[in-house]
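Here are a few notes to read alongside the model. Have a look at it first, then go through the points in order.

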Amino acid sequence: MTLVTALRTLEGEPLASDRTLFLMSSERHGLGIFGGTFDPPHIGHLAAAVEVRSALRLERVELMVANQPWQKAGERQLSSAFDRLALTEAAVRGIEGLAASDLEIQRGGPTYTFDTLCELRGSDPACQLFLIVGADAARGLPTWHRYEELGELATLVIVDREGDAHVEPPAGWAALHVAMPRLDVSSSDLRHRAQIGLPLAPYVPAEVVAGARARGLYGLRKS
Ligand code: ATP
Ligand code: MG
């Protein structure tokens, strides 16, 4: 398995000179926004965030915990936003450059990435924003609220899982691509594993499993 990180533009051309300069600089710049439900957070989320931060030399990547992921509405009963935030905080603890954000929870209501990017832009107009999405989320971008405007607010970063075909952004969009080793885990599978009594660690960090157990989530019993 190669762990080489690939960076290229939409057409596979070298990055534009300003971006090249940015990437060659040894200083860290920019804020990565990695949104999700994180019910629970797992090793795939953490690896994606770490790989993007390292490849783009970002100062920080924030795991943005959705308050009400409106596209998942009606699918199932989600764990509370407060519980998901606590688990995400536990997941990033001790990993340099990663943080959990409660911005969307504080804002309340249905979670639209458009609002999040506007809020971040408003609080620090000079900060360059990078919107990080996995391949499945990238495919769904055209269904997102005000998605045409997202590209003006942030640079899109698509995380490609090794072995998958390259996912292209919606027509007319440029994106950076970062490759990561394939980690075939999802929160849905992990909730199922917990329900049938299979262990969650190491796919979910031990501290997160302990937090979920203490909160009685995913059918885990308090010991
Ligand atoms: P669920 O199964 O409940 O949909 P999930 O594991 O897909 O959960 P989400 O919170 O839906 O997690 O996804 C948040 C982001 O993490 C998305 O951009 C998604 O593409 C990405 N992602 C999810 N699982 C992985 C993984 N194993 N490797 C890399 N990225 C992932
Ligand atoms: Mg998902």
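1. Two terms to start: buried means under 20% relative accessible area, exposed over 50%, and partly exposed in between (1.4 Å probe, protein chains only). Helices (H or I, at least four residues) and strands (E, at least two) are DSSP runs, numbered from the N terminus.

2. Keep in mind that this is a predicted model, where local features need pLDDT of at least 70, side-chain atom pairs count only at pLDDT 80 or more, and totals for chains, interfaces and linings use all residues. Residues are numbered from 1 along each chain as its sequence is written.

3. Now look at helix H2, residues 43–56. Since 11 of its 14 residues are buried, H2 is largely enclosed by the rest of the structure. Among the buried ones are His45, Leu46, Glu51, Val52 and Arg53. Just past the end of H2, Arg57 has a positive phi of about 50 degrees.

4. What about the cysteines? Cys118 is partly exposed at 32% relative accessible area, while Cys127 is buried at 19%. Last, the largest pocket. A pocket, on a 1 Å grid over the protein atoms alone, is an open set of points where a 1.4 Å probe fits, with protein on both sides within 12 Å along at least five of seven lines; lining residues have an atom within 4 Å of a point. The largest one is lined by 45 residues, with Gly35, Gly36, Lys72, Asp136 and Ala137 nearest its centre. Elements giving two or more residues to this lining include strand S1 (31–36), H2 and helix H5 (113–123).

Note on methods. Chains are lettered from A and ligands numbered from 1 in the order in which they are written. Side-chain values use heavy atoms; hydrogens and water are left out.
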